[in-house]
Amino acid sequence: MQTDIRSALDEILNQQQLALEDVLDRHFSPDYRQRTNGHWDDREAFTRHARKLREVVASAHIEVLDELRDGNRYADRHRVHVTKRDGTQVVQEVYLFAELDAEGRFACIEETTLMLEGAESDREIGSMK
């Protein structure tokens, strides 16, 4: 099974009854690394980020605008429409390039985010911990 961003984000943000470690193991390699807006995180830091998102996000709609695969390469442009637990809304557009491991999980993601809607304090929702 090859993962995709919609499946991974849906399980992290909308299926919070699933154990986070199981979700991350299903979609992200043990040596996973991510660069968001120029800042690198390892799997441990990404886990903290995902845990924080689960605290803040009530629900999210993931809208994939473009998606390309070529062997172990994956790229997409997607929007994440977030409803936070306080009722406020955030919309982020994400430009993502990734490499998949032999099992089809994300091994490395490099992404840039653009806030389309939300408070200035929400600008870094894509990397909060």
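Me: Axes are lines fitted to C-alpha atoms, for helices over the stretch in contact, and angles run from 0 to 180 degrees between N-to-C directions. It's a predicted model, so local features need pLDDT of at least 70, side-chain atom pairs count only at pLDDT 80 or more, and totals for chains, interfaces and linings use all residues. Residues are numbered from 1 along each chain as its sequence is written, and side-chain values use heavy atoms, leaving out hydrogens and water. How do H1 and H2 pack, roughly parallel or roughly antiparallel?

Reply: Helices (H or I, at least four residues) and strands (E, at least two) are DSSP runs, numbered from the N terminus. The axes of H1 and H2 lie 10 Å apart, at an angle of about 175 degrees. Angles under 35 degrees count as roughly parallel, over 145 as roughly antiparallel, 65 to 115 as roughly perpendicular and the rest as oblique. So H1 relative to H2 is roughly antiparallel.

Me: And which residues of H2 make that contact?

Reply: Contact means heavy atoms within 4.5 Å. H1 brings Ser7, Ala8, Glu11 and Ile12.

Me: Which residues of H1 are buried?

Reply: Buried means under 20% relative accessible area, exposed over 50%, and partly exposed in between (1.4 Å probe, protein chains only). H1 covers residues 5-13. Its buried residues are Ile5, Ala8, Leu9, Glu11, Ile12 and Leu13.

Me: What caps the N-terminal end of H1?

Reply: A polar contact is a pair of N or O atoms within 3.5 Å; within protein, one must be able to donate a hydrogen and the other to accept it, and residues adjacent in sequence count only if both atoms are side-chain atoms. Here a side-chain oxygen lies 3.1 Å from the backbone nitrogen of Arg6. The capping residue that owns this oxygen is Asp4.

Me: How many bridges join E4 to E5?

Reply: E4 takes in residues 73-84 and E5 residues 89-100, with Val82 standing opposite Val90 in E5. Their hairpin has four residues between the strands, and Gly87 takes a positive phi near 90 degrees. The two strands run antiparallel, and the bridge count is 11.

Me: How many bridges do E5 and E6 pair over?

Reply: This hairpin has five residues between its strands, with a positive phi of about 85 degrees at Gly104 in the turn. Val91 stands opposite Glu117 in E6. E5 and E6 (residues 106-117) pair in the antiparallel sense, and the number of bridges is 10.

Me: Why does Asp101 count as buried?

Reply: Asp101 sits in the loop between E5 and E6. It touches Ser29 and Ala107, not counting residues up to four places away in sequence. Its side chain also reaches the backbone nitrogen of Glu103 at 2.9 Å. Asp101 counts as buried because its relative accessibility is 17%.

Conventions: Two strands pair if DSSP finds at least two bridges between them.
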